[in-house]
Amino acid sequence: MKRKQRSVEPQREIAINLYRSVWEVRNDGWIHLSDNANQLADAASEGGDVELARARVAETLDLLEPIESYWAFPGRHGFLRLLALFQDREYADFNDLVHRISRALSSQSYRKSFVSLHLDEEAAVEEEERRETEVRVDRPYFELLIVDDLSAQDEETLRKRLRSMRRDEDKFIYEIVVVPSFQDALIAVLFNFNLQACVIRYGFPLKSRYRLDILHQLLENYEEEGLESLPESERGCLLGTKIAQLRPELDLYMVTDVSAEDIAGKLCENFHRVFYREEDDRELHFSILQAIEERYQTPFFTALRVYSQQPTGVFHALPISRGKSILQSHWIQDMIQFYGLGVFLAETSATSGGLDSLLEPIGPIKVAQELAARAFGAKRTFWVTNGTSTANKIVVQALIQPGDIVLLDRNCHKSHHYGMVLSGANVVYLDAYPLNEYSMYGAVPIRAIKQRLLELRRAGKLDRVKLVLLTNCTFDGIVYDVERVMEECLAIKPDLIFLWDEAWFAFAGFHPTYRRRTGMGTAARLRERFRDPDFRRRHAEFKEQFGNPEDDRLWLDTRLVPDPERARVRVYVTHSTHKTLTALRQGSMIHVYDQDFKQKVEEAFHEAYMTHTSTSPNYQILASLDVGRRQVELEGYELVQKQVDHAMALRERIATHALLKKYFRFLATGDLIPKEYRPSGIEAYFNSEQRWARMEECWHSDEFVVDPTRLTLYIGPTGIDGDTFKHDYLMEKYGIQINKTSRNTVLFMTNIGTTRSSVAYLIEILVKIAQELDVRNEDMSPPEMRLHQIKVESLTKRLPALPDFSHFHRFFRCGTDSTTPEGDMRKAYFMSYDETLCRYITMPELQRQVAAKREIVSTMFVIPYPPGFPILVPGQVISKEILAFIEALDTREIHGYRPELGFRVFTDEAIGAVEPDSAGGAPAARIAAAPAV
Ligand SMILES: Cc1ncc(COP(=O)(O)O)c(C=O)c1O
């Protein structure tokens, strides 16, 4: 095929540089174009101001032209037809075609049936007939990107050739999008969520006619100069690598006109296959469909469906199986009416008949878990049917033996604290930075983690440090620089294991911005980096300059580089798949990327999995995990990006709405992340000049970033506390559900199911509440107003300081002379089973004793909701800061605290507090009675 003459036009800014979302720009663009085309047609037929209407249309066409060049429908062909009608001043036909396209786009009917772009009736009918056999309904549709610098005519020929390959039995149907350059290919991959596969041909230029700033940030500012000098023949390979970084789920193919054998030998792992020019079009077509099928397949869900259709006699203990106990009932028929029969046909306890066992999978569950591992970038994935609460305990039990030291974020989910008790870990609690103004915590700074590791090293205990356990992202949406944390920690202890609790972050692996800060994404990158000669050189230089200084401050002040020869990549991630992706409640996953798993962990993991996994796992949960995986592998990118877009829209609308601004504000990165952790210096992702472009910058450089899909609304100026706002305003009046509040904030979470209408609804409700507040304020009597001001002040100014973890009592420290803070919570936990070692103490008495510097030690977890982290753990000494905090809390629930009795604490005798020197010497008989620890 002939190549087009390459143009040397200057690059044109693409609309997305200024807007939040290309899809919203596109949707809105077509709505405007429809309106403008209507006006133009009216003006032309009724003698109105045609030039004015024409100018409006031209402006919208200009906006849409670059965007449309990356989509198959209406595609370059259709758009050119539109432009031609406009230029020929055929305004009625132009209007007609604009409406046809716009309707097909908004209803997405182009995915389901052929949409003719012919205006000539006869030609349209003819075309329609030709397509009659091509029934798309029920055949999922996708788009195939072809990177080649083709003329319009050659493009059409190629399109026809690929269409001619279609067969009735094809399970999927696709259309092509052709882009001419390296940069265009990347823009298409970012814009077009319909893409599922990409064919890269040889010899295309580098530059696009369009410029898109975020591209550079997403590709980590790759050297454009380096690319310019790269021979055209090598660009294909590099493009494959870059596309795989952005959207690893896309299937990549190369079609070459040089020796395919030669290329195949050099190809990176990202390509599915290499083909020699046109000779293998049919093979290419089959390969494309086959690869989609590999993602589409759901082995367990399919097996369950097949099973549910088989006639079976039920002679086991599950009366609900096949709906039998319901169908025969006179009283519970409504259960079937509500759920339908399908779910009960699929209810079984059989592990035979094509089904599999979660505990020892060898069939469809095994394969489905392997597919999940591929999707989430893990080496191994394990499904869990009892939520991440269980997933976390499994991982901790598998990795930790009694006496191992674990560095643990004190604000992490309670499952970890209980996991520490069960495993007998010696815990070093890490303090997250506090956000006193909003009564919430941030995350744990790398400096604090390094400091603990260095202390333990100095004390000669580094060999006992096994695990660092952090929450990424936190409930409030604070996300770590996962790469930095792991690299720097591995520089101090090369075989350290990491457990990233990503209960809220399962979606993050399907978007390039987020993926960089996930445990699995980073593990894969580190593994590659440690093999890279450039990194080895970097480490050698670092080692030479840094040496092995005595002074810990130097270790703290320097960005440490791990030794690639010694560092092991040992990363575990837990996902509450059900929280952020499609899965039934309790559907969670454990993802493993541990180089030493087979050698050191597999057996223990198996035992831990057996310990916590039900022998009757719910098959519907398992099936939903399988289907949820299919969804993210095929449309995760679209769903996540749209979720971000909706969240951004919500932020923008609140920030710019005059009434809402009076009472509400979404906390921005500058509010949630202190300056010292934000080298970008950026205070908010949005500003009027650069609009949303700055978010990428933060995600590149800052120690912590805020997940924009979690929106913390500051409501201090309303004078209503978070809990009351949640219950009395959002839930009771408007049926809006949220699950986290602090004293002066409420957290709204968007998810992949959030729509533009739900965003609009929330804004509407907030406006109504703001109007109500206006009326309330206007009607206040002077004493009421004074009271209100006091409340506002208490919510905005007088907030109790959040306390750090105090310390474990020396009785529970590991060795009475320990200079490091680790404590044995299990010892404290089980000691408290003996009533005689415990007592209750009221708040006033406790305050008196703590003020008198008595060491009072909690026997149990005390957890106020909100904020939901344990303010006290077993074995912890109660500090005056903790008491001040508890006293200032206006929380309804404090688990572990009984107002009528007070706090449950150890008696002085139990912990030897009376005789400080005999820490190990508490009354011997009693301690002996405590369970062995
Ligand atoms: C950080 C974190 N980890 C783990 C869990 C527990 O997850 P699940 O509800 O799936 O048991 C939660 C629950 O809210 C959580 O916030």
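Select H578 and the ligand together: a polar side-chain atom of H578 lies 2.8 Å from an oxygen atom of the ligand, where a polar contact is a pair of N or O atoms within 3.5 Å, and where, within protein, one atom must be able to donate a hydrogen and the other to accept it, residues adjacent in sequence counting only if both atoms are side-chain atoms. The model you are viewing is predicted, so local features need pLDDT of at least 70 and side-chain atom pairs count only at pLDDT 80 or more, while totals for chains, interfaces and linings use all residues. Residues are numbered from 1 along each chain as its sequence is written, and side-chain values use heavy atoms, with hydrogens and water left out.

Now widen the selection to the 13 residues around the ligand, of which T388, S389, D501, S576 and H578 come nearest; a residue is near a molecule or strand if one of its heavy atoms lies within 4 Å of it. This shell divides into 9 polar, 2 nonpolar and 2 charged residues, with Asp, Glu, Lys and Arg taken as charged, Ala, Val, Leu, Ile, Met, Phe, Trp, Tyr, Cys and Pro as nonpolar, and the others, Gly among them, as polar.

Which helix gives the most to the shell around the ligand? Colour α18, which supplies 4 residues and gives the most, and then α26 (577-580), which, like α18 (387-399), supplies at least two; helices (H or I, at least four residues) and strands (E, at least two) are DSSP runs, numbered from the N terminus.

Select F530 and F535, whose ring centres are 5.6 Å apart with planes at 45°, so the pair is tilted. Both F530 and F535 are buried, that is, under 20% relative accessible area, as against exposed over 50% and partly exposed in between (1.4 Å probe, protein chains only).

Key:
Phe/Tyr/Trp six-rings, centres within 6.5 Å; stacked < 30°, edge-to-face > 60°.
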